[in-house]
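Subject: Structure handover

Hello,

I am passing this structure on to you, with some notes on what was found in it. Please look through the model before you read the notes.

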Amino acid sequence: MKRLLGGVIAAVLVTASLAVTTTSATATPTAAPVLSPTPYMGWNTYYGLGGDFTADTIKSVADSLVSRGLAKAGYDIVWLDGGWQADQSRSDAGDLQPNPAKFPDGLKPVVDYIHSKGLKAGIYTDAGPYIPGRCGLGSGGYYQRDADQFAAWGFDAVKVDYLCGIAANLDPKTVFTEFAHALRNNASHRPMIFNLCNPVTSPDWGNYPESQQSINSWTYAPDIAQSWRTYTDVGFQGDIKFKDVLRNYDANARHPEVVKPGAFSDPDYLAPELGMTDEEFRTQFTLWAVAAAPLVVGSDIRKLSATTIRMLTDPDVLAVNQDRAAVQAVRVGAAGTTETWVKRLADGSRAVVLLNRGDSAKTLTTTAAAVGLSGSRFTLKNAWTDKVTESAGTISAAVPAHGTALFRVQPATGVPGIPHVTAGIPQVTKVGADAQAEGVAPVVAGGDELTVEVAVRNDGTTPVFEPAVTVAGGTGWTVKPLSNAPALIASGKQATFAFTVKLPAGAAPGSASLTASTSYQTIGYGVQRQTTVSPVVVAPAPPVGIVPLSHHQWISATSGWMSPTVDESVGGGNPIKLVGQTYPTGIGVASPSLIRYYLGKSCSRLTGTVGIDDVVSNVGPEGGTSTFQVVGDGKVLYDSGVVDRFTPKQVDVDLTGVRVLDLVVGDAGDGGYNDRADWAAPTVTC
């Protein structure tokens with residue numbers, strides 16, 4: 001389902017002749033049948049393959065689902081998204097027809113092959129009428145005919161989009177209800193899962209009434225469909241960003257009360273290895289699991305690493321998702337950089353997520369009482385590590401940046417278990433004499449001396465003895481302890497171990513890590529050990545002279561969509577151009593964006609121009625507003641206020657004493673639609 005440009009769609013309020021009414025009965029159907037009591041699982045072509053797939057591709061994926069163990073784990077639907085249809089999607093007789101080059105023998109043999117592997121088959125269409133140039137495929141006017149055709153081909157699931165629907169200005173509740181009726185009453189009497197997919201959101205797509213947006217689907221979809229999309233796409237083909245995963249999860253979490261066995265909120269597809277780190281994908285999978293969301297992989301599973309396959313097939317995480325109570329997780333406490341989410345399970349236990357949205361590792365805590373459990377002893381099973389410990393009531397974990405911890409928690413019985421001890425991830429608290437800002441990923445450079453701390457807390461019911469921590473860094477890094485270890489850590493107490501870490505002057509720039517090895521004696525369970533790792537960025541040398549900042553190596557760079565581009569507008573192919581003036585150097589981004597540079601206190605000035613690139617006018621009049629900030633070591637040095645496409649602004653900032661420089665672009669509070677922002681001719685004096 002291609003995300004369409006909101007301004008273009010808004011301009012296409014199609015005439016009444018295109019707002020085709022369906023030929024199916026319009027009576028409101030009874031409650032949707034329970035076709036999948038727990039969230040369905042499978043694979044979809046969209047994010048990994050786009051429309052580039054054939055009969056052989058689909059058969060190959062079906063083979064891989066079986067051979068790689070995914071089918072056995074429950075991923076049993078092979079789902080064809082848009083791209084299966086012929087260029088002329090209907091025959092002269094009015095029947096949908098597959099692309100003859102991709103499916104020379106039609107779809108039935110492909111479906112039969114999928115079934116021969118013990119799998120199910122899914123297909124895609126749209127609730128609106130086909131409008132050339134606006135959407136790829138539409139069933140408007142043919143609901144019953146298409147439902148009968150899908151059933152005759154042997155499909156087990158149908159995804160119904162709303163791209164043609166919004167282009168024709170249709171009412172989603174009306175058309176999706178009619179389609180549900182047609183699917184349920186297909187001529188073959190074949191049960192077919194109905195995935196209701198309205199991805200329209202404002203302002204992402206333009207300005208639409210709430211009744212036409214995905215955020216309204218919860219009011220009617222649970223009665224007609226097995227699942228319903230709750231927000232726009234989680235990303236673009238081959239380009240999934242962690243921030244958008246969190247955005248979709250938050251939108252999906254708004255109405256947990258309507259989720260029930262056989263009817264599930266859908267935050268969109270799982271997207272491993274399409275732009276996120278392994279840690280970020282583990283977080284997506286964890287959140288989707290506790291959300292009781294359908295688990296449909298959007299990546300090309302034939303190419304996924306063994307690490308990703310192990311994540312996708314983890315039995316404890318899948319058990320949380322497939323719990324028969326079909327309860328969606330809710331947040332406990334306030335929203336923020338760190339959060340706790342809890343899902344009630346059928347046996348009375350709780351699945352508890354400690355979520356770290358931030359850019360640095362943190363030890364996060366909640367309590368058994370906060371997640372709805374009572375008692376004085378609790379068993380905690382870490383779903384990802386399989387380690388089982390016992391707590392006196394505090395649930396804690398050292399959670400990496402953009403990471404999660406997932407525990408299954410229940411009252412403990414019998415003899416006391418292994419104490420629940422959390423060994424913290426190494427924290428860089430100072431670089432030289434400068435305190436490290438909390439929540440910011442540490443940036444170090446050759447020759448720096450770091451102060452590093454590791455906090456070890458005992459949340460068990462019994463003390464632990466002889467706690468010891470060692471820290472190791474990169475090649476040539478020297479480590480010295482600054483503190484003495486205590487004899488024991490009592491229940492409910494914490495000890496902090498401090499170290500100095502010295503980098504050699506010639507430390508190579510790039511990714512490095514600090515590794516803490518923690519050990520302690522327990523009563524009855526011998527020595528326990530934990531290893532925690534903190535990623536560290538070793539910065540490149542700072543700029544020298546008066547240079548274009550865009551030509552200096554950055555530490556990290558993000559863009560709201562696609563990737564930052566050097567000396568071109570975001571997306572590439574166009575020079576940086578503001579109100580008719582072309583700039584030979586600069587950085588093009590989409591909001592929100594953060595670009596980080598290491599200056600090492602060696603620069604004195606930044607000059608340049610900020611604005612919205614002229615290329616936005618090629619898209620339309622909507623959107624195209626941003627804010628620009630220059631931030632030095634966490635302090636805002638320049639704030640542009642709202643900048644539109646007509647009013648670029650000059651930047652002249654004193655950088656004296658700045659070690660780490662951030663160039664930050666925001667969406668000005670109206671969403672990121674058409675926000676193609678430029679840092680034009682950014683020049684530093686060093």
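Below are notes on one helix pair and on some of the salt bridges.

This is a predicted model, in which local features need pLDDT of at least 70 and side-chain atom pairs count only at pLDDT 80 or more, while totals for chains, interfaces and linings use all residues. Residues are numbered from 1 along each chain as its sequence is written, and side-chain values use heavy atoms, with hydrogens and water left out.

Helix pair

Helix H9 covers residues 242–252 and helix H10 covers residues 278–290; their axes are 10 Å apart and the helices pack at an angle of about 10 degrees. Helices here are DSSP runs of H or I with at least four residues, strands are runs of E with at least two, and both are numbered from the N terminus. Axes are lines fitted to C-alpha atoms, for helices over the stretch in contact, and angles run from 0 to 180 degrees between N-to-C directions. H9 and H10 are therefore roughly parallel to each other (angles under 35 degrees count as roughly parallel).

On the H9 side, the contact (heavy atoms within 4.5 Å) is made by Phe-242, Val-245, Leu-246 and Tyr-249. H10 contributes Glu-280, Thr-283, Gln-284, Leu-287, Trp-288 and Val-290. Seven of the residues in this contact are nonpolar, two are polar and one is charged. In this grouping, Ala, Val, Leu, Ile, Met, Phe, Trp, Tyr, Cys and Pro count as nonpolar, Asp, Glu, Lys and Arg as charged, and the others, Gly among them, as polar.

Salt bridges

The whole structure has 24 salt bridges (a side-chain nitrogen of Lys or Arg within 4 Å of a carboxyl oxygen of Asp or Glu). One of them joins Arg-229 and Asp-233, at 3.0 Å from N to O. Both Arg-229 and Asp-233 are buried (under 20% relative accessible area, with exposed over 50% and partly exposed in between; 1.4 Å probe, protein chains only). Arg-229 and Asp-233 are also linked with Asp-268 in a network of salt bridges.

Arg-377 and Glu-390 meet in another salt bridge, at 2.8 Å from N to O. Arg-377 lies in the loop between strands S16 (362–367) and S17 (378–382), and Glu-390 in strand S18 (residues 388–391), so the pair ties together parts that are 13 residues apart in sequence. Arg-377 is partly exposed at 22% relative accessible area, whereas Glu-390 is buried at 3%.

Regards

Terms used:
Angles under 35 degrees count as roughly parallel, over 145 as roughly antiparallel, 65 to 115 as roughly perpendicular and the rest as oblique.
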